[in-house]
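This explanation leads a new reader through one structure, going from a single residue to the chains as a whole. The sequence and the model are shown first.

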Amino acid sequence: MSALLELRDIRKSFSGVSLSLAPGEVVSLLGPSGCGKSTLLRIAAGLDDEFAGSLERNPLLGFGPDSDTGRGGGGVGVVFQEPRLLPWLTVAQNIGFADGWLADDTRIEHLLRDVGLEGKGELLPKQLSGGMAQRAAIARGLYGRPQVLLLDEPFSAVDAFTRIRLQDLIQQLALEYDISILLVTHDLDEAFYLSDRVLLLGGTPSRLRREFPVPLPRPRDRRAVELAFLRGEALTELHQSHVI
Amino acid sequence: MPPQSLPTQSLRLARQRRQPTLRWPRLSWRAWLLPLLLCAVLELVVRVGWLPEHQMPAPSSVALTLWQLAQGALWKHVAASLARVAAGFSIGAALAILIGTWVGLSQRAEAYLEPTFQALRAIPSLAWVPLLLLWLGIDETPKIVLIALGAFFPVYLSLVAGVRNVDRKWVELGRLYHLSPFALVRRILLPAALPSLFTGLRGALSLSWMFLVAAELIAATRGLGYLLSDGRETSRPDIVIAAILVLAVLGKLSDSLLKVLEQRALAWRDTFLGNGES
């Protein structure tokens, strides 16, 4: 099956990084702060076009700023590190932002239910807790029925308990809607728990150190021994390559 | 309080909290204390004869004059002044919103327009009066143009600053959702710059009243500025003070109206309210 998204030999602050995202696959970019993983995601999202190398998107997907596939942001959804909700719009208006006045209310209701914000659609962002705001941001990312979801450290600003709940939510939604995910994170647990493949970035200049396949069935148990073993391997690699 | 009434009470509180504050600002008795005290002292000083009545009329005489004016001529002057401020302010603010948005959006527009506007802004607006009179006569037009000139710059400056202060991350959201430049302005930049815009609008409104008086003092047959100069020419300080009071009331009322609109439009803001609560 052809990749939905393929980055080949991308050079910017890092040297020659390549990665591809197959349909239904969850791939994590794991690395320390400043290794360029968020930049890679922004390049994949079409928000950064100053780079060397090539970015190929599956034409069926039709996304990116140069695409005019119409409403809903095309086949990609993006969730940022901070919720980035527009404070003057209600939660529901934020979720349906892609379509403005023409937003599909039924779809918004459905998404509010999916992310556990039922009945909160008319609230303003200032009335939400950090976790609730991030749930709304995830719902906004899913509004356009994306085939690919790009997540830029989406759980790093919430507390540990909320983080676990949001990770489970993402896992459940990805399975339910068969969405491919590219996740940028610096959290080893998160990367291995959610992904089919974990790409480890690090070094100066930053490059792809190693790729870890995670051949475990879903839904996963975060206490699984296999996950602990993979985390250990990643830690060893990080130590050996002097990333940490 | 009986325990069964508690749920109703808390429900009512919750409903009250959710409603945005749309009420007119209520003045407490503290606000009236200083003006009333001043009036009392002034009345006393004039009645005792420490101040000559023909220079400083007693507050009661001013009140009487105001009452007499209110029976007839006052409303004609108020209507004329209000119409001029409304027209000048609307034209100036509308132009400033258009040009300010453009300059805020485009560095090229800024490069072309900003230096000229800076130079024009440096001219004291009253310096335009002779020129406006020469060009446009002594009719309504020069007055409205002068007020529009005065209203333009505060709105323009605060809007450009507001647009330039919009969080880059929100603009990026517009890019992510393929918003057209017009949609970006309408859906992200203007709402985000609204707090600055309102600051500019309120400044512009108070300047509009100032320029109204300037325009009417120089050449007018109606309006509160005319009333001021009429009072001076006929040596009637009570008329002058009455006109000043009416101007103060109109200025305050129009500002309060704008403030209510501001509170309504910016109910989404999560800002410090100045009372120890956030």
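Which residues does Thr101(B) touch, not counting residues up to four places away in sequence? The model in which this is asked is a predicted one. Thr101(B) belongs to helix H4 of chain B, which covers residues 73-105. Its contacts, with residues up to four places away left aside, are Ala96(B), Leu159(B), Val185(B) and Leu190(B). Thr101(B) has a relative accessibility of 10% and therefore counts as buried, since buried means under 20% relative accessible area.

The chain around this residue may be described next. Chain B has eleven helices and zero strands, and along the sequence its pattern reads α-α-α-α-α-α-α-α-α-α-α. Of its 278 residues, 39% are counted as buried. Among the contacts in chain B with a separation of 6 or more, 72% are between residues 24 or more positions apart. The chain exposes about 16,600 Å², and 66% of this is supplied by carbon and sulfur atoms.

One helix of chain B can be followed in detail. Helix H10 of chain B spans residues 224-233, and its buried residues are Leu224(B), Gly225(B), Leu227(B), Leu228(B), Ser229(B) and Gly231(B). Which helices are included in what covers the buried residues of H10(B)? Among them are helix H3 (59-70), H4, H9 and helix H11 (237-265) of chain B. H4 is also the helix in which Thr101(B) lies. After H10(B) comes Ser235(B), whose phi is positive, near 50 degrees.

Chain A has another make-up. Its secondary structure consists of seven helices and nine strands. The C-alpha atoms of chain A occupy a box of roughly 50 × 40 × 35 Å along the principal axes. A compact globule of 244 residues would have a radius of gyration near 18 Å, and chain A agrees with this because its own value is 18 Å. Buried residues account for 55% of the 244 residues in this chain. Of the contacts in chain A with a separation of 6 or more, 68% join residues 24 or more positions apart. The accessible surface of chain A is about 10,600 Å², and 53% of that area belongs to carbon and sulfur atoms. The chain carries 26 positive and 32 negative side chains, and the centres of these two sets are 3 Å apart.

Attention now turns to the interior. In soluble globular proteins, nonpolar side chains tend to be buried together. The largest nonpolar core in this model holds 143 residues, of which Ile138(A), Leu150(A), Ile181(A), Leu182(A) and Phe192(A) touch the most other members. Which helix gives the most to this core? It is helix H9 of chain B, residues 181-218, with 18 residues. On the side of chain A, Ile138(A) touches Val79(A), Val115(A), Phe155(A), Leu166(A), Leu169(A), Ile170(A) and Leu173(A), when residues up to four places away in sequence are not counted.

Ser28(A) is placed in strand E3, which runs over residues 26-30. Is Ser28(A) buried or exposed? Its relative accessibility is 0%, so Ser28(A) counts as buried. Beyond residues up to four places away in sequence, Ser28(A) touches Leu183(A), Thr185(A), Ala191(A), Ser195(A), Arg197(A), Val198(A) and Leu199(A).

The loops of chain A hold several backbone details. Arg84(A) lies in the loop between strand E5 (76-79) and helix H2 (91-95). Its phi is near 55 degrees, a positive value in a residue other than glycine. Arg145(A) is found in the loop between helix H4 (130-143) and strand E6 (148-152) of chain A, and its phi is also positive, near 45 degrees. How do the two arginines stand in accessibility? Arg84(A) is at 9% relative accessibility and so counts as buried, whereas Arg145(A) is at 57% and so counts as exposed. A further loop, between strand E9 (207-213) and helix H7 (225-240) of chain A, contains Pro219(A). The peptide bond from Arg218(A) to Pro219(A) is cis, with omega near -10 degrees.

Note on methods. Residues are numbered from 1 along each chain as its sequence is written. Chains are lettered from A and ligands numbered from 1 in the order in which they are written. This is a predicted model: local features need pLDDT of at least 70, side-chain atom pairs count only at pLDDT 80 or more; totals for chains, interfaces and linings use all residues. Side-chain values use heavy atoms; hydrogens and water are left out. Helices (H or I, at least four residues) and strands (E, at least two) are DSSP runs, numbered from the N terminus. The radius of gyration is taken over C-alpha atoms; the globule rule is 2.2 Å times the number of residues to the power 0.38. Buried means under 20% relative accessible area, exposed over 50%, partly exposed in between (1.4 Å probe, protein chains only). Contact means heavy atoms within 4.5 Å. Accessible areas come from the Shrake-Rupley method with a 1.4 Å probe; for residues, only the protein chains shown count as cover. Lys and Arg count as positive and Asp and Glu as negative; His and the chain ends are not counted. The place of a charge is taken as NZ of Lys, CZ of Arg, CG of Asp or CD of Glu. A nonpolar core is a set of buried Ala, Val, Leu, Ile, Met, Phe, Trp, Tyr and Cys residues joined through side-chain atoms within 4.5 Å.
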